[in-house]
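Dear colleague,

I am passing on the structure below, followed by an account of what was found in it. Please read the two side by side.

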Amino acid sequence: MQMTMIEALNQALALELERDKRVVIFGEDIGANGGVFRVTEGLQRKFGVQRVFDTPLAESGIIGTSVGMAVYGLRPIAEIQFAGFLFVCMNQLLSQATRIRFRSGGAYTCPLVVRAPYGGGVRTPELHSDSVEGLFLQSPGFKIIIPSNPYDAKGLLASAVADPEPVLFLENIKLYRSFRQEVPEDYYTIPIGKAKVVQEGRDVTVMAYGAMVPVALEAAKKAQQEAGTSVEVIDLRTVWPLDEETIVNSVTKTGRAVIVHEAPKAGGVGAEVTAIINEKCLFSLLQPVARVTGYDTPYPVPGQEDYYVPNVPRVLDAIRRVMEP
Amino acid sequence: MVTIQQIEDTMTPYQILDVEGNVVGSVPKLSTEQFLQLYRAMYLGRVFSNKIIALQRQGRATTFGSLLGQEASAVGLAAPMQAQDWLTTSYREIASLIVRGVPLTTLIYSFRGFTPVFPKETRCLPVQIVIATQMLHAVGLGMAAKIAGDNAVAVGVCGDGATSEGDFNEALNFAGVFQAPVVLVVQNNGWAISVPRRLQSAAPTFAARGPGFGVPSVLVDGNDVLAVYDVMQQALARARSGHGPTLIETLTYRLGAHTTADDPTRYRDAAEVEVWKAKDPIVRFKRFLIQRGLWSEEQDQQLIAVVEEEINEAANIALNMPPPAPDSFFDYLTDSPTPRLLEQRAELRRFAQQDQ
């Protein structure tokens, strides 16, 4: 069936509620309203207020109570309304959700999924567009998934719920309804920690995730047209842990690497991918690695955001740069 | 004209025993054995605390927060709990954990600076370091019990300083909104390290916070183990029968330093400490037991010897337990380590071997 990412996620959540009585879904405005983006539309009506419920407007309270629910043995799926509001609950996420297992010598686990929309280009108020995944790389214990299409979103969300450890599931706002794709109605999973080569190529590896995948593909098309450059495009899909094998295999083959993400440049996924390349396949490189990212500033206001989010010309420029002989 | 007013607070602490151990309330119907168990648990908590502090002074234990003076509060809140109940605490409630069945050796091993596999069958979470966060965990545990249709109640305990944190207030709010089967306990010991209670809140009590969240609350003399036991038992029964959360403030006092790294003479009056020493919870309960004919000074001397021996024996066992493998902490992160984690673990092992 042809579905948007919203529809695919909604179906994934409904399947989880059907499959497993331990699954509960909660957050702000996710009940009768179905979430501000309608990801949870109809779920409360179908599965009841006991399992799909609105919470008080308190992000730390949402995550803190979900830690307790996860330790108890439920499978909580918490929604934080926008990724920018994750700042409010960083303590419960990073000092608690990720550490209960570690602190208890493995006695208790915290199988929690935190979903949050993120990403720019949709003219939102401040802190509704921020990409925060980089902040979590230094906080061992979280897996971070960022799907780029409806099919992956559904299968990866199923894997996230099945995972015994906490998972941060970030959904790109621009991708929510931007296109439809054939998505099976049945339950299926896509493994966490596996990147996907979405386009094979010989000359340069472009790595991206979320809404930057279509941007990378478009830039790859242009590079092919203008200079006959054969671009391999990798959708990282899981940004922690990174699929080092796929990254290293591709860069070893092409000898050139471009990393694209919306998040700021400093200390982010791009920096980590670059470090992996340096450690594992530096001598395959024919040119320095290029990063095309958000700038090291706060995410700007709607009137200027288009200058911040990486676009096709910026990615194409980076491809040209690394393609210099 | 509208009248702007402070919420009236006429709360007086609930008491069963006065400072002299005289009965001033309704004594809960406990067997002699149960009375003596409460007494023994308080004593055990005190001796345990003194032992870890001594070990720390000898360089054999890490930083430890004294439990001295709060034994009635910690024991009284844990004793009426049932096996299926959950407990989340700060570092000041070790005596509560002991009552709930966390082995002394497990605790002592952890104060050596190692991670024991926590005994999950006790349904206690490991002590919480980040102030007030555990109150939300308790509420989540209670919400889960309610969703699962189980008969369990969750108890969250924090100190007076924790009431200033957002998480404490969010915990009360979630508990009220979801009518969670939880009991939230504030051990008001007067001090948050060096900051006195009056700087945490302008409200006359922390118990007064409850009604603002629609959560019934009670103020109790935290140095009266029977009073704490009694209100706790009632709060647990309320929660268990579907009547929702209760907030309890226990008025007590931290007789010792915040931790072994703290020097309270820098910020508080010795005279104040003396006033509270006179309200010693163990002495108070002993007087009650003797007045009831359940106890004697002679038996007390015997108990001291028995408890000290038990603690020393547990300490000997824990101190002689082998340290964990240097790389064991990798086990506690994940069941499915990435190749990268395995590489890092191998690196640790290689250098750990070189050290030997």
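What distance separates the centres of domain 1 of chain B and domain 2 of chain B, taken over C-alpha atoms? Those centres lie 36 Å apart, where domain 1 covers 32–324 and domain 2 covers 327–356 of chain B, with bounds that come from an automatic or database domain assignment.

A word on conventions: this is a predicted model, in which local features need pLDDT of at least 70 and side-chain atom pairs count only at pLDDT 80 or more, while totals for chains, interfaces and linings use all residues. Residues are numbered from 1 along each chain as its sequence is written, and chains are lettered from A and ligands numbered from 1 in the order in which they are written.

Chain A is likewise assigned two domains, domain 1 (2–182) and domain 2 (196–322), and their centres, again over C-alpha atoms, are separated by 26 Å. Between them, 24 residues of domain 1 are in contact with 24 residues of domain 2 of chain A, two residues being in contact if their C-beta atoms, placed from the backbone, lie within 7 Å. On the domain 1 side, the elements that give two or more residues are β6 (143–145) and α6 (150–162) of chain A, and β6(A) gives the most, with 3 residues; helices (H or I, at least four residues) and strands (E, at least two) are DSSP runs, numbered from the N terminus. By class, this side has 9 nonpolar, 9 polar and 6 charged residues, where Ala, Val, Leu, Ile, Met, Phe, Trp, Tyr, Cys and Pro count as nonpolar, Asp, Glu, Lys and Arg as charged, and the others, Gly among them, as polar.

Turning to the contact between the chains, 32 residues come from chain B and 34 residues from chain A. On the chain B side, α5 (133–148), α6 (166–177) and α12 (339–355) each supply at least two residues, and the largest share, 11 residues, comes from α5(B). The side of chain B that touches chain A has 18 nonpolar, 8 polar and 6 charged residues.

Within chain B, helix α1 (residues 32–57) packs with helix α2 (residues 71–78) at an angle of about 130°, their axes being 9 Å apart; axes are lines fitted to C-alpha atoms, for helices over the stretch in contact, and angles run from 0 to 180 degrees between N-to-C directions. This makes α1(B) oblique to α2(B), because angles under 35 degrees count as roughly parallel, over 145 as roughly antiparallel, 65 to 115 as roughly perpendicular and the rest as oblique. The contact is made by Leu38(B), Ala41(B), Met42(B), Gly45(B) and Arg46(B) of α1(B) together with Glu71(B), Ala72(B), Ala74(B) and Val75(B) of α2(B).

Helix α10 (residues 281–291) of chain B has several buried residues, including Phe285(B) and Phe288(B); a residue is buried if 20 or more other C-beta atoms lie within 10 Å of its own, exposed if 12 or fewer, and partly exposed in between. The buried residues of α10(B) pack against α1, α2, α8 (225–240) and α11 (297–320) of chain B, and α10(B) is followed by Gly293(B), whose phi is positive, near 80°.

Two single residues complete the account.

With kind regards
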